[in-house]
Amino acid sequence: MQILANAPSVGDIIHELYLKPTHLSVEGAAELCGIPLEQFQRILDGSETIGYELSYKLAQGFKTSYTFWLHLAQDHQTESVAHTEPTSQDDSDVSN
């Protein structure tokens, strides 16, 4: 089992758990979920925000709960933000 350094994105999960093992095409997966192909491509590449509507469509298509997708997206986004925030304050910015 591989330990991930970062929380996987929704696109990572779709690719690794649904597309790769089943050989389902991107077009087929988009149709299965009732999501336009262009929007599904944005989900896979991480540029589409996953809200309630998309999480329900993914849940219906992949037979999961909608909260699975919401939490996955939230965990990935939270970790991404945590990695971009500065970890320490520059002393030159502090006024006395």
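Me: At roughly what angle do the axes of H2 and helix H3 cross, and within what distance do they come?

Reply: Two packed helices are described by the angle between their axes and by the distance between those axes. In this predicted model, the axes of H2 and H3 (residues 37–45) cross at roughly 110° and come within 9 Å. H2 is therefore roughly perpendicular to H3, because angles of 65 to 115 degrees are given that description.

Me: Which residues of H2 meet H3?

Reply: On the H2 side they are Val 26, Glu 27, Ala 29, Ala 30 and Cys 33. Their partners in H3 are Leu 37, Phe 40, Gln 41 and Leu 44. By class, the residues of this contact of H2 with H3 comprise 7 nonpolar, 1 polar and 1 charged.

Me: How are H1 and H3 packed, in terms of angle and axis distance?

Reply: The axes of H1 and H3 are 5 Å apart, and the packing angle is about 100°. H1 is therefore roughly perpendicular to H3. From H1, the contact uses Val 10, Gly 11, Ile 14 and Leu 19, while H3 supplies Phe 40, Ile 43 and Leu 44. The residues of the contact of H1 with H3 divide into 6 nonpolar, 1 polar and no charged.

Me: How should I read aromatic pairs, and how many does a search of the whole structure find?

Reply: A pair is read from the distance between the ring centres and the angle between the ring planes. The search finds 6 aromatic pairs. In one of them, the rings of Tyr 18 and Trp 69 have centres 6.1 Å apart and planes at 45°, so the pair is tilted. This pair links distant parts of the chain, with Tyr 18 in helix H1 and Trp 69 in helix H5, 51 residues apart. Tyr 18 and Trp 69 are both buried. The rings of Phe 62 and Trp 69 also form a tilted pair, because their planes are at 45°, with centres 5.9 Å apart.

Me: Which residues form one aromatic cluster?

Reply: The cluster is formed by Tyr 18, Phe 62, Phe 68 and Trp 69. Trp 69 has a relative accessible area of 0%, and Phe 62 has one of 7%. Both values are under 20%, so Trp 69 and Phe 62 count as buried. Beyond its neighbours up to four places away in sequence, Phe 62 touches Ile 14, Tyr 18, Leu 24, Ala 29, Leu 32, Cys 33, Phe 40 and Trp 69.

Me: Is Leu 24 buried, partly exposed or exposed, and why?

Reply: Leu 24 is partly exposed, because its relative accessibility is 29%. Its place is in the loop between helix H1 (10–22) and helix H2 (26–33). Not counting residues up to four places away in sequence, Leu 24 touches Tyr 18, Leu 19, Ala 29, Leu 32 and Phe 62.

Me: Which residues of H4 are buried?

Reply: They are Leu 54, Ser 55, Leu 58, Ala 59, Gly 61 and Phe 62. Ser 55 belongs to helix H4 (residues 52–62) and has a relative accessible area of 0%. Leaving aside neighbours within four places in sequence, Ser 55 is in contact with Ile 50, Tyr 66, Trp 69 and Leu 70. After H4 comes Lys 63, which has a positive phi near 55°.

Me: How far apart in space are Asp 75 and Ala 7?

Reply: Distance in sequence and distance in space are to be read separately. Asp 75 and Ala 7 are 68 residues apart in sequence, and their C-alpha atoms are 6.4 Å apart. Asp 75 lies in helix H5 (residues 66–84) and counts as partly exposed, at 46% relative accessibility. Pro 8, in the segment before H1, is 65 residues from Ala 73 in sequence and 8.5 Å from it in space, C-alpha to C-alpha. Apart from neighbours within four places in sequence, Pro 8 is in contact with Ile 13, Leu 72 and His 76.

Methods:
Residues are numbered from 1 along each chain as its sequence is written. This is a predicted model: local features need pLDDT of at least 70, side-chain atom pairs count only at pLDDT 80 or more; totals for chains, interfaces and linings use all residues. Side-chain values use heavy atoms; hydrogens and water are left out. Helices (H or I, at least four residues) and strands (E, at least two) are DSSP runs, numbered from the N terminus. Buried means under 20% relative accessible area, exposed over 50%, partly exposed in between (1.4 Å probe, protein chains only). Contact means heavy atoms within 4.5 Å. Axes are lines fitted to C-alpha atoms, for helices over the stretch in contact, and angles run from 0 to 180 degrees between N-to-C directions. Angles under 35 degrees count as roughly parallel, over 145 as roughly antiparallel, 65 to 115 as roughly perpendicular and the rest as oblique. Ala, Val, Leu, Ile, Met, Phe, Trp, Tyr, Cys and Pro count as nonpolar, Asp, Glu, Lys and Arg as charged, and the others, Gly among them, as polar. Rings of Phe, Tyr and Trp (its six-membered ring) pair if their centres lie within 6.5 Å; planes under 30 degrees apart count as stacked, over 60 as edge-to-face and the rest as tilted.
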